[in-house]
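Reader: I'm new to this one, could you take me through a few places in it?
Author: Gladly, here it is.

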Amino acid sequence: MKYDIKITKTATPKAKPVDESKLGFGRVFTDHMFMMNWSDKKGWYDGRIVPFGDIPIHPASTVLHYGAEIFEGMKAYRTVKDEIVMFRPTENIKRLNNSAERLCLPALDEEGCLDILKTLVELEKDWVPHADGTALYLRPYLIGNDPHLGVHAVHEALFVVICSPVGAYYAEGINPVKIAIESQDVRAVRGGTGYAKCGGNYAASLRAGQRAENAGYTQVLWLDGVDRKYIEEVGSMNVMFKIDGKIVTPALTGSVLPGITRKSCVELLKDWGYQVEERLFSVDELFDAAKNGKLEEAWGTGTAAVISPIGKLFYQGNEYVVSNNEIGALTQKLYDNLTGIQWGKLPDDKGWIEFVCKG
Ligand code: COI
């Protein structure tokens, strides 16, 4: 079921970034955005693409007081054949609806949401950057928007999609990042919202992230909130380790985000004949492997992070260097294959690519 979308084009289009090597992440926004309201009386209504700009919001809005917010991160790519495509967008829509269910926000029709995303991307196609390693990042988000202060599931909501031409998420680019394993704060607990992509998870991560940055690390790696010993995720990415030829990645226990890049890597790795263990994986086991010379590679996976090699791991006063602080061969192969499919350099044997329009 498609939603009606009224399009109002901007009268003052902005200049596109000239030097795409300096895009960074999430600082530049395109000319238009999508908005659609929901109420429990009317359902979804007033779907519209409007010039990019501020959103008027009631000072008592639920999102401002109780954090009723979920979001997604996805990308549109300009392929080598100058087509604009997206990567597994329906997976993001399904996850958005799972997150919505957890926060008592309204679900979107899958076909209708895909149509919204494609319509917006097609309108903004000239904003999809050309340089290697770049893409148009889409940030769909859904907020509870009741104009009063009672704590309850919302009666009104707003769905918004903004677009940002991006380069690498980390300043390191494809060079290894330095990760500090967090032993004080926790990000999520089972039964909580860890598997949902909600703003609150990220708010809870800021203090540890700031401590790690001040100590010279790129981000933190979270341990589980109950035993404080099982590796979970980085927050901006899931993690994988190559240990003695096998791949180990934390199981989706409920407090880990079910990453779409994670899922795609697991599929590729299995296709290539690797044994992939999705299981509880303790920090002790990780460092035993490191000490015994069996930790061969470590990397993160995410839409924004793509495939990001981990070169250093810090935990309780000790720093371990992984893979000589260089990108490992398998990490590079994953990066090349995944981005190869996304940029149309490699065949899309798995049907992961959604055609949007000619470039
Ligand atoms: C993504 O990879 O799209 C994310 O949402 C991670 C981060 C930028 C919050």
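Reader: Where is Asp-244?
Author: Asp-244 sits in the loop between β11 (238-243) and β12 (246-250), strands being DSSP runs of E with at least two residues, numbered from the N terminus. This is a predicted model, in which local features need pLDDT of at least 70, side-chain atom pairs count only at pLDDT 80 or more, and totals for chains, interfaces and linings use all residues. Residues are numbered from 1 along each chain as its sequence is written, and side-chain values use heavy atoms, with hydrogens and water left out.

Reader: What is the phi of Asp-244?
Author: Asp-244 has a positive phi of about 50°, although it is not a glycine.

Reader: And is Gln-316 buried or exposed?
Author: Gln-316 is exposed, with a relative accessible area of 54%, where exposed means over 50%, buried under 20% and partly exposed in between (1.4 Å probe, protein chains only). Gln-316 lies in the loop between β15 (306-315) and β16 (318-321), and its phi is positive too, at about 45°, although it is not a glycine.

Reader: Switching topic, what is Arg-228 in contact with?
Author: Leaving aside its neighbours within four places in sequence, Arg-228 is in contact (heavy atoms within 4.5 Å) with Ser-183, Gln-184, Val-186 and Leu-223. Its side chain reaches the backbone oxygen of Gln-184 at 3.0 Å.

Reader: How far apart are Arg-228 and Val-186?
Author: They are 42 residues apart in sequence and 8.1 Å apart in space, C-alpha to C-alpha.

How values were computed. Helix = DSSP H or I, 4+ residues; strand = E, 2+ residues; numbered from the N terminus. Polar contact = N/O pair within 3.5 Å; in protein donor to acceptor, adjacent residues only side chain to side chain.
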